[in-house]
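Please examine the sequence and the three-dimensional structure shown below before reading further.

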Amino acid sequence: MSDTNTLHVAILPSSGMGHLVPAVRLAASLAARNCRITFITTHPTVSLAESRLVSRLVSFFPNVTRQEFHLLPLDRSTANSNDPFCLQFETIRRSAHLLSPILSSCSPPLSALVTDPSLVSAVIPITEKLRLANYNLFIASPKMLSLLIYFPTIANTDLSTTSSKTTDYIEIPGIPPLPKSWLPPPLVDPSSLFRTQFIANGQEIVKSDGILVNAFDSLDKATVAALNGGKVMGRLPPVITVGPFVPLEFEKGSPVEWLDRQPVGSVVYVCFGNRTAASREQIRELGDGLERSGCRFLWVVKEKKVDREDEEEVGEIVGHGFLERVKEKGLVVKSWVEQGEVLAHPAVGLFLSHCGWNSITEAALYGVPILGWPQGGDQKINGEVIPKSGLGIWVETWGWEEIVKGEEIGDKIREMMGDEKLKVQAARIGEEARKSVGVGGSSYKGLEGLVEKMRKGRA
Ligand SMILES: O=c1ccn([C@@H]2O[C@H](COP(=O)(O)OP(=O)(O)O[C@H]3O[C@H](CO)[C@@H](O)[C@H](O)[C@H]3O)[C@@H](O)[C@H]2O)c(=O)[nH]1
């Protein structure tokens, strides 16, 4: 393909693996369709895992180039947040004016920029000035997208939960009422930085040329239809389903060989994503629950939000006595495992997950039942699709503040591991997921249509 015909797309992810992983997978899907990709990476990154993944992407695809985006230092006194990832969103947002020269110097000229919902209001004015198409890669559930779009309308209403059932819900047109108790907690705090960003992004995302969601028919088709049918809000850009993104060959690390020695469907995989830290007390109760369940388990333990700060030995965190007692049945690790490989492994029979959206879509792809335990942010809203789709359950009484006791955790695990009907349902969802991304499937067509639309340029 000559340079003048090459579709050249820039991708700007924001911070954290939950945002970077889907951006990398989208880059790979477009690169495989002969697009040239400029992958804009912010410097510095927050976690070690982020820098490693980007290096692998660029070394794997010759048509993907990395473009470093050096961020301005953030004056912390002007940003009300203690969350390192949210602060990084803000750092990128405030450095966004430095993107113009990067975008306009790309050769061949860019046809589009794909960015992240946390950056959209800072980036749209820039792409508008450059008359460059702007797409949004939405990294959470369709329901969360409808909340982002509708939230500016209700931001100034009373969002606190009360004892009165009728006022405990948010009414977003076109979708069933959403309990206020599911809202990401920072959205209810008028002074939080996350909320300020969320409102600004919700107002601007409607100006993008298209919104890509990592979903497919089994994962909330009704909400996607409501969005595209103009029910949530009139005149929205097209919402295009392109998921579930498939983990890539180059994401593979060293396999967890221990899994090869376990019987089919016998292992509970426990992982709460890459930025969710649990308290020592909750970790110990979770360990107790795993032990009580009597099941085999692979447990990725995380005590700090940012990986480079997680320095304690596993034994110190979960208890040396625990490790000794469970050594025949369980493997506890603190290091990164390639979750795609783990979920694809036949030994894995259940995923105890925090309901990060990537984790849900990956479990769906491999047909692994989920026991959902939301820990914060968008996770209760994401978790809703688990029972709706038939992929499993999320335990609404396991809140994000109170300690859940080991006994209760153990009972739930045992119950789900013995649920044969659930296994069949989850396997069916896996088949549907793979069909949707396979040639001719709905998400496959979504991506083909996207490339076509990008080639045609702005309407
Ligand atoms: O040891 C690990 C830990 C994580 N992962 C991968 O890292 C990603 C984690 O993403 P996700 O499951 O979405 O969780 P978080 O890292 O917690 O993601 C953040 O971003 C998501 C997308 O916006 C939100 O849904 C979450 O609530 C938010 O915490 C997934 O692709 C996992 O496969 C691994 O491969 N190995």
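The following paragraphs describe a pair of packed helices and then the surroundings of the ligand. The model is a predicted one.

Two packed helices are described by the angle between their axes and the distance between the axes. Here, helix α1 spans residues 17-31, and helix α2 spans residues 48-60. Their axes lie 10 Å apart and form an angle of about 5°. Angles under 35 degrees count as roughly parallel, and α1 and α2 are therefore roughly parallel to each other.

Which residues bring these two helices into contact? From α1 come Met17, Leu20, Val21, Val24 and Ala27, and they meet Ala49, Glu50, Leu53, Val54 and Leu57 of α2. Nine residues of this contact are nonpolar, one is charged and none is polar.

The ligand may be considered next. It is surrounded by 20 residues, and the closest are Asn274, Val337, Ser359, Glu362 and Asp378. This shell comprises six nonpolar, eleven polar and three charged residues. Helix α1 contributes to the shell as well: α1, α13 (357-366) and α14 (379-383) each supply at least two of its residues. The largest share, four residues, comes from α13.

In the side chain of Ser359, an N or O atom is 2.5 Å from an oxygen atom of the ligand. For Trp357, a polar backbone atom is 2.9 Å from a ligand oxygen atom, while a polar side-chain atom of Asn382 is 3.3 Å from an oxygen atom of the ligand. On its own, the ligand has 680 Å² of accessible area, and the protein covers 95% of that area.

Key
Residues numbered from 1 in each chain as written. Predicted model: local features only at pLDDT ≥ 70, side-chain atom pairs only at ≥ 80, totals over all residues. Heavy atoms only, no water. Axes fitted to C-alpha atoms, helices over the stretch in contact; angles between N-to-C directions. Parallel < 35°, antiparallel > 145°, perpendicular 65-115°, else oblique. Contact = heavy atoms within 4.5 Å. Nonpolar A, V, L, I, M, F, W, Y, C, P; charged D, E, K, R; others polar. Near = heavy atom within 4 Å. Polar contact = N/O pair within 3.5 Å; in protein donor to acceptor, adjacent residues only side chain to side chain. Areas by Shrake-Rupley, 256 points an atom, 1.4 Å probe, with all protein chains shown as cover.
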